[in-house]
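Subject: Structure handover

Hello,

Here is the structure I promised you. Please load it first, then read my notes below.

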Amino acid sequence: MNNQRIARVTAHMKKVGLEQILVTSTTSLYYLTGYWVEPHERMIALWLTVDGKATLFGNEIFGLSSTPELPFVSHKDGEDPVAALAGAIKPGKLGIDKFWYSKFLIGLMAHRPDLTPVHGSDPVDETRKYKDEEECAAMRRASAINDQVIAAAAAAVTEGVRENQLAALVNREFLAHGADCEGTQLVCFGPNGADPHHSGDATVLRPGDSIIFDIFTPISRYWCDMTRTFFYKSVSDEQRRVYELVRKANEAAEAAVRPGVPLFRLDAIARDIITEGGYGPFFTHRLGHGCGIDCHEPPDVSGASDAVCRPGMVFSIEPGIYLPGKFGVRIEDLVMVTEDGCEVLNKYPKELQVIP
């Protein structure tokens, strides 16, 4: 158990009036306990009370054992997975993890009609927003590897290459640098780049294409995430204009990151630049997202965000312009809020590059 993190979670529980919560997501369980369990269809749940006491409930197949600090109550396949949990929890409000399967919640409610389930993820989410020193170091390492991998990907661009070939190369490079697993790397040529989440297919690179590399993977459980856009053989006037506009939006938003700045303001800074440049309708997504043990986690960096920059936050700044049938440009960095500004975790250059 990470007692410092538990203390921060219980402090947030007090603020929102929750005396007990269930933590069930793989990443949040790891964050608090150090156990990484992929339960799939089986149940695992950490019952945490506001006084800091915790009990873990799950299937015996997970291979966990009890400790004085964290008792583990197990069940077998074929047994009612929520029976022991139902016998332990207190009546009244129970904070439920947003990721918990409804089949378990419904089963629990059948046992315990005296419970009132409420949204219960906020105490853990609020704690996870602010990375501690160990987490910050892990994210710096992951982003440094990402810089190396994108350099290798750019160097592998050749005539006749397919999107999925480069995506596979990115995964091999990540694994060679210690990544936990392969990922779905986004490699987009030409018109495919106008789809912000196009997944690399058999499209063949052509002269004049833009090339978007949006590459991300967990390394020692912490994610890197970066996007760079290149051009192959040549760049048109419009491509250059769009690229420089996106880069200006990216750099202006990053320059504004410091404690006390609302995240919706960062979105507005980047969006206003793109709108003033004549491409506002083609910036079709939020500016960014939090990143850590999950690639996408709080805080949300959008016009609807109510979060404010605080030291320890890590999130993406990734403006883009997407012109259907033509091309797309996106430039993304991860930034870490510091005591007096921010640290940009990605060092790979953002000057326009034409790959010959």
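Helices here are DSSP runs of H or I with at least four residues, numbered from the N terminus. One caution before the findings: this is a predicted model.

Start with H2. This helix spans residues 26-33. Glycine 34 follows H2, and its phi is positive, near 85°. H2 itself is mostly covered, with seven of its eight residues buried. Those buried residues are Thr26, Thr27, Ser28, Leu29, Tyr31, Leu32 and Thr33. What covers them? The cover includes three strands, E1 (20-23), E2 (44-49) and E3 (54-59). Helices H1 (3-16), H5 (122-128) and H6 (133-155) also take part.

Next, histidine 12. This residue lies in helix H1. Is histidine 12 buried or exposed? Its relative accessibility is 19%. Buried means under 20%, so histidine 12 counts as buried. Leaving aside neighbours within four places in sequence, histidine 12 contacts Pro123, Glu126 and Thr127.

Last, a helix pair. H8 covers residues 237-255 and H9 covers residues 263-276. They pack at an angle of about 155°, and their axes are 8 Å apart. Angles over 145 degrees count as roughly antiparallel, so that is how H8 runs relative to H9. The crossing of H8 past H9 is right-handed. On the H8 side, the contact is made by Leu245, Lys248, Ala249, Ala252 and Ala253. H9 meets them with Leu266, Ile269, Ala270, Ile273 and Ile274. By type, the residues of this contact are nine nonpolar, one charged and no polar.

Best wishes

Methods
Residues are numbered from 1 along each chain as its sequence is written. This is a predicted model: local features need pLDDT of at least 70, side-chain atom pairs count only at pLDDT 80 or more; totals for chains, interfaces and linings use all residues. Side-chain values use heavy atoms; hydrogens and water are left out. Buried means under 20% relative accessible area, exposed over 50%, partly exposed in between (1.4 Å probe, protein chains only). Helices (H or I, at least four residues) and strands (E, at least two) are DSSP runs, numbered from the N terminus. Contact means heavy atoms within 4.5 Å. Axes are lines fitted to C-alpha atoms, for helices over the stretch in contact, and angles run from 0 to 180 degrees between N-to-C directions. Angles under 35 degrees count as roughly parallel, over 145 as roughly antiparallel, 65 to 115 as roughly perpendicular and the rest as oblique. A crossing is left-handed if the near helix is turned anticlockwise from the far one by less than a right angle, and right-handed if clockwise. Ala, Val, Leu, Ile, Met, Phe, Trp, Tyr, Cys and Pro count as nonpolar, Asp, Glu, Lys and Arg as charged, and the others, Gly among them, as polar.
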